[in-house]
Amino acid sequence: MESSLAISGLGPYDGEADGMAFARDVRYCVYWNSKARYATVNILELRAITLAKEGKVLLDSLDMEIWEGHVHAIIGPNGAGKSTLANTIMGLSGYRDIAGDIIFDGSSIKTLGVDERARLGLTLVFQEPARFEGLGVAQFILAGAKDKSKKTLDTALEMVGLDPARYSSRAVDKTLSGGERKRIELASIQAMKPRLVMMDEPDSGVDIDSVPYIFEIIKELKREGSTVILITHSPQVLKQADHAFLLCGGRLVDKGPMDAMFDYFNGKCIPCRHIGKPAKEIKL
Ligand code: ADP
Ligand code: MG
């Protein structure tokens, strides 16, 4: 029997088997087989990704599995390769000449350009908030939305705490603060409902009042089934994630549930022993 049920209430199921799961509550009795989509199905897999530039290895044989519908964080010190990894997954120019493979939704996207990856439902929110001189807020938010109704626009703006009556007809330009631009950009992501969104340092350059709205959008995206990757070196952003990967010197050095990854911020960059030392001293 084939099932598309997620196994809720049983915790992540991380294997492939045919059979039937029972729990005390009969509602949690589900069948599965190897074709079923589990709560932990991989929407994205990185297989031995290596990227070198100017003789320097920026990403070093990275293997990562990104579970669909979860919020993941990629943490690590400045220069660890976090933004490079996001750019590589998105396929930006200058980040395409990789060894290894990138599997999205079961197929390799290694040879696809940015537009093709975007059409599959991958998106990246850059660290620097968007500024498109001449583009209106409404036009910007609805650009990637399937449903381009006023309701979509109003809901997205309200969700980031911006009054549609005041903001819909404004331009995405320098008259908006960094926090407002970031909120509008995240409203556009909410309207787009991507399969997978990567957010590079979503709280950077953002006023303190805007931060809770950013976190609300992350929760809303998860509620609606999107997969989120937060790229950060901020403990408060890590807290929004279910699971985290620790990068250092372009290598994956640890991964685990969000709670377990806080040691990194407590000065214990396990298994790193080189906080504050130059990259050339890294010996992992
Ligand atoms: P993080 O986002 O973790 O702070 P980055 O991914 O921005 O780190 O940078 C990792 C390393 O890769 C840095 O040493 C940076 O100088 C280098 N790097 C990033 N992009 C390029 C590029 N296009 N060309 C050369 N070096 C790069
Ligand atoms: Mg970065």
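Start by selecting Ile-141, Met-198 and Leu-230, which touch the most other members of the largest nonpolar core, a set of 66 residues. A nonpolar core here is a set of buried Ala, Val, Leu, Ile, Met, Phe, Trp, Tyr and Cys residues joined through C-beta atoms within 7 Å. Buried means that 20 or more other C-beta atoms lie within 10 Å of the residue's own, exposed means 12 or fewer, and partly exposed is in between, with C-beta atoms placed from the backbone. Helix α6 (residues 178-192) supplies the largest share of this core, six residues. Helices (H or I, at least four residues) and strands (E, at least two) are DSSP runs, numbered from the N terminus.

The model is predicted: local features need pLDDT of at least 70 and side-chain atom pairs count only at pLDDT 80 or more, while totals for chains, interfaces and linings use all residues. Residues are numbered from 1 along each chain as its sequence is written, and chains are lettered from A and ligands numbered from 1 in the order in which they are written.

**Whole chain.** Colour by secondary structure to find eight helices and twelve strands. Of the 284 residues, 35% count as buried.

**Leu-230.** Leaving aside neighbours within four places in sequence, Leu-230 is in contact with Val-71, Ala-73, Met-199, Pro-202, Val-237, Gln-240 and Ala-241. Contact means that the two C-beta atoms, placed from the backbone, lie within 7 Å.

**Helix α6.** Next select residues 178-192. Of the 15 residues of α6, 14 are buried, so this helix is largely enclosed by the rest of the structure. The end C-alpha atoms of α6 are 21 Å apart, in agreement with the 21 Å that its 15 residues should span at 1.5 Å a residue; the expected span is 1.5 Å times one less than the number of residues. Step on to Lys-193, in the loop between α6 and β9 (196-200). Phi of Lys-193 is positive, near 50°. Most residues other than glycine have a negative phi. Lys-193 counts as partly exposed, with 18 C-beta neighbours inside 10 Å.

**Helix α4.** Select residues 150-159, where Leu-153, Ala-156 and Leu-157 are buried. These three cover an arc of only 95° around the axis, which puts them on the same side of α4; the arc is that of the directions from the helix axis to the C-beta atoms. Lys-151 and Glu-158 are exposed on the other side of α4. The buried residues of α4 pack against α3 (137-142), α5 (164-167) and α6. After α4 comes Gly-161, with a positive phi near 75°.

**Phe-245.** Go to strand β11 (residues 243-248), which holds Phe-245. Phe-245 counts as buried, with 25 C-beta neighbours inside 10 Å. Not counting residues up to four places away in sequence, Phe-245 touches Met-64, His-72, Ile-74, Leu-252 and Lys-255. From C-alpha to C-alpha, Phe-245 is 8.4 Å from Gly-76, although the two are 169 residues apart in sequence.
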